[in-house]
Amino acid sequence: MWFEEANKEGLPEPNAMTLATATIDGQPSARIVLLKEMDERGFMFATNYESRKGEEIEENPTVALLFFWGEAERQVRIEG
Ligand SMILES: Cc1cc2nc3c(=O)[nH]c(=O)nc-3n(C[C@H](O)[C@H](O)[C@H](O)COP(=O)(O)O)c2cc1C
């Protein structure tokens with residue numbers, strides 16, 4: 001699995017991912033968050049519900065995630 005490989009290869013911050021959210025009008029914003037857990041329920045990160053991303057996810061739960069592992073010349077895009 002790519003994530004395990006990225007971990008093994010000792011890439012810096014393999015769990016850092018860009019989280020893109022958008023307002024209900026479609027105004028996007030993106031920021032880095034750290035992946036905490038990953039299972040059949042999805043990808044989990046810690047944050048504050050009162051943050052801008054928290055409010056945007058509440059009004060528009062469609063988001064995108066992007067992992068970039070430069071040293072491995074890989075990116076992984078996740079949408080949902
Ligand atoms: C390396 C790195 C890791 C971060 N990890 C998190 C995180 O796990 N959770 C989080 O809420 N913010 C994290 N942040 C801060 C976010 O990038 C962001 O600035 C902050 O959460 C406010 O975002 P918002 O105003 O769009 O909600 C991290 C920032 C950096 C640079």
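Predicted model: local features only at pLDDT ≥ 70, side-chain atom pairs only at ≥ 80, totals over all residues.
The residues around the ligand are Ala16, Ser29, Arg31, Ile32, Val33, Leu34, Phe45, Ala46, Thr47, Ser51, Arg52 and Lys53. Two elements, strand E2 (28-39) and helix H2 (52-59), each give two or more residues to this shell, and the largest share, 5 residues, comes from E2. Confidence in the chain is lowest in helix H1 (residues 2-8), where the mean is 80, and highest in E1, where the value is 97.

The secondary structure of the chain comes to 2 helices and 5 strands, and from the N terminus on the elements follow the order α-β-β-β-α-β-β. Along its principal axes, the C-alpha trace spans about 40 × 20 × 20 Å. Buried residues account for 8% of the 80 residues in the chain. Of the contacts between residues at least 6 apart in sequence, 43% join residues that are at least 24 apart.

The 5 strands form an open sheet, in which the order is E3-E2-E1-E4-E5 and the pairing is antiparallel. Strand E3 (42-45) and strand E5 (74-79) are the edge strands, each of them pairing on one side only. From one strand to the next, the twist averages 40°. Helix H2 packs on this sheet and touches E1 and E2, its direction making about 55° with that of E1.

Strand E1 (residues 16-22) and strand E4 (residues 64-69) run antiparallel and are joined by 4 bridges, with Met17 standing opposite Phe67 in E4. Strands E1 and E2 pair in the antiparallel sense over 7 bridges, and within this pairing Thr21 stands opposite Ser29 in E2, Ser29 being one of the residues around the ligand. E1 and E2 form a hairpin with 5 residues between them, and Gly26, in the turn, has a positive phi of about 90°.

Strand E2 is in turn joined to E3 by 4 bridges, the two strands running antiparallel. Leu35 stands opposite Phe45 in E3, and Phe45 is itself listed among the residues around the ligand. These two strands, E2 and E3, likewise form a hairpin, here with 2 residues between them. Of the 12 residues of E2, the number buried is 0, so the strand lies largely in the open; this is the strand from which the largest share of the ligand shell comes.

Gln75 and Trp2 are 73 residues apart in sequence, while their C-alpha atoms are 9.8 Å apart in space.

Two loop residues call for a separate description of the backbone. Most residues other than glycine have a negative phi. Glu13, however, has a phi near 45°, which is a positive value in a residue other than glycine, and its place is in the loop between H1 and E1. With 13 C-beta neighbours inside 10 Å, Glu13 counts as partly exposed. Glu73 also has a positive value, its phi being near 50° although the residue is other than glycine, and it is found in the loop between E4 and E5. Because Glu73 has 7 other C-beta atoms within 10 Å, it is exposed.

Conventions:
Residues numbered from 1 in each chain as written. Near = placed C-beta within 6 Å. Pairing = 2+ DSSP bridges. Axes fitted to C-alpha atoms, helices over the stretch in contact; angles between N-to-C directions. Contact = placed C-beta atoms within 7 Å. Buried ≥ 20, exposed ≤ 12 C-beta atoms within 10 Å, placed from the backbone. pLDDT = per-residue confidence, 0-100.
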